[in-house]
Amino acid sequence: MVSREKREAEELELGLKGKTAIVCASSKGLGKACAAALAAEGADVVVNGRNPETVAAAVKESLAVARGRVIPVVADLTTEEGRARLLGPIPQPDILVNNCGGPPFGNFRDFDRSDWLRAIEGNMLSAIDLIKAVIDPMILRRHGRIVNITSVAVKAPIAELCLSNAARSGLTGFVAGLAREVSRANVTINNLLPGTFATDRILEQARHAAKDIGFEEQVALWQAEEVSGRMGRPEELGAMCAFLCSDHAGYITGQNILMDGGGYPGTF
């Protein structure tokens with residue numbers, strides 16, 4: 001008879017041990033949390049960023065919990081050369097997590113054509129190029145997981161995030177069609193839509209926003225404005241990403257999964 005402890009351990013197993021994963025822009029923030037979660041589940045994970053020191057620090061953090069290999073790749077994924085370098089160590093991964101820092105805030109009247117093209121390249125076309133590079137081998141193996149980290153703004157657009165609204169919505173529309181095309185091959189594609197998470201970027205914005213009040217007061221004010229009364233923890237999104245990449249999530253595809261503490265007010 002199987003013991004309760006063994007049964008619980010088997011129930012919690014995500015089936016990621018020995019799988020290979022590439023996590024884009026994973027030297028900081030939400031990408032780093034996703035890489036750490038996958039590494040902790042036993043996957044071999046490529047950690048990526050543009051700054052060698054930041055990448056090295058992220059690899060060290062992931063190694064602290066890893067049950068698989070953690071491989072650093074310093075590359076700018078908005079360039080063809082950078083994407084080729086990213087795919088070098090694991091050209092045919094089982095898992096691809098697309099992620100890219102958001103474009104600048106601002107009024108659309110203040111942006112020129114080059115600003116729009118940079119946003120589309122960074123938050124749409126680079127992800128599509130990486131999907132194109134890995135998806136056919138996934139189909140042949142009849143197994144693959146692709147997760148795109150986008151934004152709550154895809155579901156509830158924010159005027160000041162016009163560049164992000166457009167580029168990420170374009171990626172979302174592309175994925176909606178492709179996910180249905182490849183589902184029969186046990187390849188899933190889903191999008192994670194984060195709201196406000198306590199990343200270095202958000203905390204740095206709080207430091208700049210704090211004028212008449214201190215940094216801690218500014219953070220507390222922002223948290224009070226959240227429906228849940230707090231910001232999300234990056235490891236919470238990392239855990240969801242790991243689940244979507246697991247054997248248990250094979251029947252979830254083409255979905256836009258909000259992680260915003262209930263901030264989105266709609267029913268659908």
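Where is the place of Thr54? Let's start there and walk through the model together.

1. **Ground rules.** This is a predicted model, in which local features need pLDDT of at least 70 and side-chain atom pairs count only at pLDDT 80 or more, while totals for chains, interfaces and linings use all residues. Residues are numbered from 1 along each chain as its sequence is written, and side-chain values use heavy atoms, with hydrogens and water left out.

2. **Thr54.** Thr54 has its place in helix H3. Helices (H or I, at least four residues) and strands (E, at least two) are DSSP runs, numbered from the N terminus. Leaving aside neighbours within four places in sequence, Thr54 is in contact with Ser27 and Lys28; contact means heavy atoms within 4.5 Å. Thr54 and Ser169 are 115 residues apart along the chain, and 29 Å separates their C-alpha atoms.

3. **Leu63, also on H3.** Helix H3 holds Leu63 too. Leu63 counts as partly exposed because its relative accessible area is 48%. The cut-offs are these: buried is under 20% relative accessible area, exposed is over 50%, and partly exposed is in between (1.4 Å probe, protein chains only). From Leu63 to Arg230 there are 167 residues in sequence and 29 Å in space, C-alpha to C-alpha.

4. **The second largest pocket.** Rolling a probe the size of a water molecule over the atoms shows where empty space is left. A pocket is found on a 1 Å grid over the protein atoms alone: it is an open set of points where a 1.4 Å probe fits, with protein on both sides within 12 Å along at least five of seven lines, and lining residues have an atom within 4 Å of a point. The second largest pocket holds about 200 Å³ of space, where a volume is the space filled by probe spheres set on the points, and grid points are joined across faces, edges and corners. Its lining includes Gly29, Lys32, Glu61, Asp200 and Pro234. Helix H2 (29–40), helix H3 (52–63) and helix H9 (234–244) each give two or more residues to that lining. H2 provides the largest share, 5 residues.

5. **What kind of lining?** The lining of the second largest pocket divides into 5 nonpolar, 3 polar and 4 charged residues. In this count, Ala, Val, Leu, Ile, Met, Phe, Trp, Tyr, Cys and Pro are nonpolar, Asp, Glu, Lys and Arg are charged, and the others, Gly among them, are polar.

6. **The nonpolar cores.** In soluble globular proteins, nonpolar side chains tend to be buried together. A nonpolar core is a set of buried Ala, Val, Leu, Ile, Met, Phe, Trp, Tyr and Cys residues joined through side-chain atoms within 4.5 Å. The largest one has 30 residues, and Leu38, Val45, Leu192 and Leu237 touch the most other members. H2 gives the most to this core, with 6 residues. Apart from it lies another core, of 28 residues, among them Ile22, Ile90, Ile131 and Ile146.

7. **Helix H6.** Helix H6 (residues 162–182) has 21 residues and reaches 31 Å from its first C-alpha to its last, close to the 30 Å expected at 1.5 Å a residue. The expected span is 1.5 Å times one less than the number of residues. Among the buried residues of H6 are Leu163, Ala167, Leu171 and Val175. The buried residues of H6 pack against helix H5 (113–141), S5, S6 and S7.

8. **Strand S6.** Val187 has its place in strand S6 (residues 187–194), and Thr188 is found in strand S6 as well. Val187 counts as buried because its relative accessibility is 0%. Thr188 is buried too, with a relative accessible area of 3%.

9. **Two positive phi angles.** Ala25, in the loop between S1 and H2, has a positive phi of about 45° although it is not a glycine. Asn186, in the loop between H6 and S6, has a positive phi of about 60° and is not a glycine either.
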